[in-house]
Amino acid sequence: MPHTGLTIDELAARAGMTVRTVRFYSTRGLLPPPDIGPRRVGRYGPEHLSRLAMIGELQHQGLTLAAIERYLQQLPDRISAHDLAIHRALVASWLPEEIEEIDREKLERRAGRPLADADLDRLAAMNVLERTADPDAFRVDPGTLHLGMGLLDLPVPVEAILAAREAMLEYARAAAREISRIFRDEVRQPAEVSAMRSLSAQMQPLVVQALVTTFQRTLQEEVRAWPADRPDPRSSS
């Protein structure tokens, strides 16, 4: 059975880094060791990509390498790429948007595969990339690209992705408005407005954590409740 995974050159290309940088992070203990395949070639997986994305976010936040080491040491030893993505999303939510404009060749190098127009449509629907006036230039969030690639081949039409995204935005806006109303109703005097605004800003990390945790657990419960023998609506005439 052939050994799967990325070589260090492929990992660096997917992460948008140099091989030298990836090796440096490895020597600092920021990346777990690769699996060793035939001919003693190290192979890297999704968890390595997710860790590199996390390191990038923490650096953008201004953390030193020593602080990043301490942060990563607090994570479980075998944390999955999925859970690392959630950590990264929480970190990224407090940072200025880091969007990179790249051409199609560089985008495909990052993706690790050729991208058809239909693939680009799906990535755009997932908000992983944004098209520009130039059909071969795209605005991309580097940290979410490899996550979007993992969903690219799911048998879900673009229309369903767009509908799911709109549902998430709708309910997120509704939650934000309701929380704002609760805080606003507690303000009795004009002098309290500034203090309440400061309090709401301090509470934002807890609110976001609660939203993410609740969404994650509820979605898992809903998916587990799907009937295993549900008929395919596409097969009905």
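Which residue is the bridge partner of glutamate 101 in S5? Arginine 139. Keep that residue in mind. One caution before going on: this is a predicted model.

Let's start with the strands. S3 covers residues 100–103, and S5 covers residues 137–140. They pair in the antiparallel sense, over 4 bridges. Now look at S4, residues 129–131. S4 also pairs with S5, antiparallel again, over 3 bridges. Back to arginine 139 in S5: it is the bridge partner of glutamate 130. Glutamate 101 has arginine 139 as its bridge partner too. And how is S4 joined to S5? By a hairpin, through 5 residues.

Next, helix H3. It runs over residues 46–60, 15 residues in total. At 1.5 Å a residue, the helix should span 21 Å. Its end C-alpha atoms are 21 Å apart, so expectation and model agree. Is H3 mostly covered or mostly open? Mostly covered: 11 of its 15 residues are buried. Among them are His48, Arg51, Met54 and Glu57. Leu49, Leu52 and Leu58 are buried as well. Then, just after H3, comes glycine 62, with a positive phi of about 100°.

Last stop, the aromatic rings. The count comes to 1 aromatic pair. The partners are phenylalanine 24 and tyrosine 25, with ring centres 6.1 Å apart. Their planes meet at 50°. Edge-to-face needs over 60 degrees and stacked needs under 30, so this pair is tilted. Phenylalanine 24 is partly exposed, at 38% relative accessible area. Tyrosine 25 is buried, at 5%. The cut-off for buried is under 20%.

Notes: Residues numbered from 1 in each chain as written. Predicted model: local features only at pLDDT ≥ 70, side-chain atom pairs only at ≥ 80, totals over all residues. Heavy atoms only, no water. Phe/Tyr/Trp six-rings, centres within 6.5 Å; stacked < 30°, edge-to-face > 60°. Buried < 20%, exposed > 50% of the residue type's maximum accessible area, 1.4 Å probe, protein only. Helix = DSSP H or I, 4+ residues; strand = E, 2+ residues; numbered from the N terminus. Expected span 1.5 Å × (residues − 1). Pairing = 2+ DSSP bridges.
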